[in-house]
Amino acid sequence: ARSTQSGRFVATQTPQSAFMASSAAPFAAPFAVRGTPATNPGRRPSRAGAHRRSRGSRAPRAAVAAPAVSWPDGTGRAELGGIVAEASVVNLGKRGEIATGLPFLDHMIDQLTSHCQLGVSVVVAKDGVPCVPCVDASGDDDETVAVAAGFALGRALAQMLAPGVDVVAAGAVPSAAATAEFASPLDEAYSTCVISLTSPGQGALAFDLAPYGPGEGRARIGKYRTALTEPFWRGVVEASGLSVSLTKRRGDNAHHIVEATFKSFARCLRKCMDQVEGIDVTAMNERLDGVTRAAGKARSTKETTIDVRLDLDGSAAASAVSTGIKTLDALLGSIANEGGVQLNVDATGDLWIDDHHTTEDVAITVGQVLNESLGDKAGCNRMGSAAAAVLDGEDSADANAALVEVVMDLSNRPFLSNGLEFRDEFIGDLSAEMIDHLFMSIAANGQMTVHVVEHSKGRSDADLAEASARAFGRCLRQCIAVDPRRAGQVASSKGTLSV
């Protein structure tokens, strides 16, 4: 592995074979399989003229699959000396009372309600006196509190997840469905979680978050000691019997690192539960009643004339992109195709100067119409993580393929961390440096947090660029998917993404 640095971040690049076998993701299937939509991988993207693609058009609407298992309410209790923690979890329930005496930990536990759609309650009592929400009661017993809270929550989760563990053990559900991986970002940070239900009672935790910030990292977030994070999770894992891996991939802000980790666990657990039930929200192609998720924008300057139309619930087969830059047409077409959206772009620009103004202005406009199409993001999945491996322009599991991972959050917090490093100055008729500008302009104007991670360069820059576009599109498809279980609510502990 070697470290590379661009202007906004430092990332570590890992060869594809080592990445897929990484101990930080011991249960994960290869990226070439995970997150790949049901499309025909055999057709090459067009490289000439207006870019039109039929591959990957959306399937007809489908209802939520009949669950193979239901998730009962769970309760848990832990006593350590004078510390008593009691917890409960309710699938698709409302937030309960969370009061551990460590307000930052309370905020982190609350991520399970927003991102795993669990009604969670965790209350700690010290010498018979219950802690009060939003009131700090930290002291010399903080580690005991964290461990007790983790144990109580883990026992509640064990009760809720028991039917799922049983159907997997009985062979009623494929063992592959009982393992999930998810990466969640928060600004410059993102963490990856892997959860497996296939080894009940093992309680195995792989934990790698430190340091919590640059250098030796922060010791405290407010009054909360960052060192409490690991014993809390060890309590959760030991009591639940789950196999869990929690890994910081990037991050300089301690708050962001810890919160991204809790979010990744919450999202990963819901993904694992959905897989056991046979639910694929992304493939369901649900709609919000009375809501049209489409927008258009035309703009004209001395440098460019652009018309962009985007329909999040339209057909990717109806997309057409014409910018005068064939490589840009292909990349935007791949994003639309893999994202399952209808994107129509008609642009002309001062290409007699270079490709900068056209690429930048098109990407800005695409980001703007994406943000407008999403509205308040109510009912959306909001987060996604996906990857693409491309060799000679095709999806491939070959070790020589270019492998790119994208992690995304429709957060209303614009941020891009881009780890792509190209070998040559041009990719076809597009300047290689404009790939960064393409993603940066879409992310900034789309109000998105995006991490683009290069895991393997592959044989060519063209494959690397194509892999990044496909991974971006697949990730976008996950994020914009409507989850009917959210009943039109925004997936945020703040209750809104609009401010």
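Biologist: Which residues does F232 touch, not counting residues up to four places away in sequence?

Modeller: This is a predicted model. With residues up to four places away in sequence set aside, the residues that F232 touches are L105, I109, A146, A149, G150, L153 and F262.

Biologist: What percentage of the residues of the protein chain count as buried?

Modeller: The protein chain has 11 helices and 25 strands. It exposes about 18700 Å², of which carbon and sulfur atoms supply 51%. Of its 499 residues, the share that counts as buried, with under 20% relative accessible area, is 58%.

Biologist: Among contacts between residues at least 6 apart in sequence, what percentage join residues at least 24 apart?

Modeller: The contacts considered are those in the protein chain between residues at least 6 apart in sequence. Among them, the share joining residues at least 24 apart is 81%.

Biologist: What is the volume of the largest cavity?

Modeller: A search of the whole structure finds four cavities of 30 Å³ or more. For the largest cavity, the volume is about 110 Å³.

Biologist: Which helix supplies the largest share of the lining of the largest cavity?

Modeller: The lining consists of L310, L332, I335, A336, V341, L343, V366, L370, I442, F472 and L476. By class, it has 11 nonpolar residues, with no polar and no charged ones. At least two lining residues come from each of α8 (326-339), α9 (356-374) and α11 (461-480). The largest share, three residues, is supplied by α8.

Biologist: Does E433 count as buried or exposed?

Modeller: E433 lies in helix α10, which covers residues 433-446. Its relative accessibility is 61%, and the cut-off for this class is over 50%, so E433 counts as exposed.

Biologist: What distance separates the C-alpha atoms of E433 and L420?

Modeller: Along the chain, E433 and L420 are 13 residues apart.

Technical notes: Residues numbered from 1 in each chain as written. Predicted model: local features only at pLDDT ≥ 70, side-chain atom pairs only at ≥ 80, totals over all residues. Heavy atoms only, no water. 1 Å grid on protein atoms, 1.4 Å probe; cavity = no way out; pocket = protein on both sides within 12 Å on 5 of 7 lines; lining within 4 Å. Points joined across faces, edges and corners; volume = space filled by probe spheres on them. Helix = DSSP H or I, 4+ residues; strand = E, 2+ residues; numbered from the N terminus. Nonpolar A, V, L, I, M, F, W, Y, C, P; charged D, E, K, R; others polar. Contact = heavy atoms within 4.5 Å. Buried < 20%, exposed > 50% of the residue type's maximum accessible area, 1.4 Å probe, protein only. Areas by Shrake-Rupley, 256 points an atom, 1.4 Å probe, with all protein chains shown as cover.
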